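The stops below can be selected one after another.

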Amino acid sequence: MTDIDTNFPETSFLEVSDVVERAVDASPRWRALDPSNRAEVLRAVADRLDLAGAELVPLAISESHLTETRLRGELFRTTFQLRFLAGVIDEATTSRRASTQQTRAGRWTETGPAPSSRRSASGRSLLPATSRSPSVSPAATQLLLWLPDCPVVLKAHPGHRQLSARCGAIVCAALRDAGAPDGTFAVVEGDKAGRELVTHPDISAVAFTGSAKVGRMLFDIAADALGRSPSTESSGA
């Protein structure tokens, strides 16, 4: 296994600003790539993560204490969805229609096959998006939601720091080697860095899977941005 620095200092305000600036710079260049090239980049990332499975799964086990079966399923889910989204891009180059594909991927989880999924091309032209790494799916980078459309900045989960760092390094290397512009993907550390990302004016979307505490924080930030009172909005929650 590759040695990883276990000292994880929080990403500073200046570092967050630099990450976002590079993501903003990468956004039009990423979108300007031929769709077939973007699809191949996603497949290259999936291939690189699959090849690193022998390293990533034991690392995920050591940090999460989940089963090997569960974590191999999470890694498979991540790479399957990357390839699925690459297929969406390919489909959009020949047809602008959305189509529905019944995906039979029982290995995704330990609970059975996945539900049907809708394949569609959004046509969005977004500024960078940020995502908060989930605790329930530590082998998944959760870059999947927005990466076909725009750069992504991932806020690492504090319980999976080594895994987040290693996955981030693998994804960044795969993107670079496949021809994606610098800044297409990055990982930051720490709650302050996460809050700075969420409130940064150049971040266009936020995704997260996690605790009620994080959901509450994001709700309050959104309510404050809209000029509403968080306490009033949440009184019926």
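Which pattern does the protein follow when read along the sequence? The order is α-α-α-α-β-β-β-β-α-β-α-β-α-α, from 8 helices and 6 strands; helices (H or I, at least four residues) and strands (E, at least two) are DSSP runs, numbered from the N terminus.

This is a predicted model, in which local features need pLDDT of at least 70 and side-chain atom pairs count only at pLDDT 80 or more, while totals for chains, interfaces and linings use all residues. Residues are numbered from 1 along each chain as its sequence is written, and side-chain values use heavy atoms, with hydrogens and water left out.

Colour by pLDDT, the predictor's confidence in each residue, from 0 to 100. The protein averages 78, and 71% of the residues score at least 70. Select residues 96–125, where pLDDT stays under 50, then residues 1–5, where pLDDT also stays under 50. Where pLDDT is low, the predicted coordinates should not be read in detail.

Next, select L42, V45, L49, L56, W146 and L175. Of the 36 residues in the largest nonpolar core, these touch the most other members. Such a core is a set of buried Ala, Val, Leu, Ile, Met, Phe, Trp, Tyr and Cys residues joined through side-chain atoms within 4.5 Å, where buried means under 20% relative accessible area (1.4 Å probe, protein chains only). Helix 4 (68–94) is among the elements that each supply at least two residues, and gives the most, with 8.

Centre on L56. Leaving out residues up to four places away in sequence, L56 touches L49, L75, L163, R166, C167 and I170; contact means heavy atoms within 4.5 Å.

Finish at V19, V188, L197 and I203, which are included in a second, separate core of 10 residues.

Note on methods
Buried < 20%, exposed > 50% of the residue type's maximum accessible area, 1.4 Å probe, protein only.
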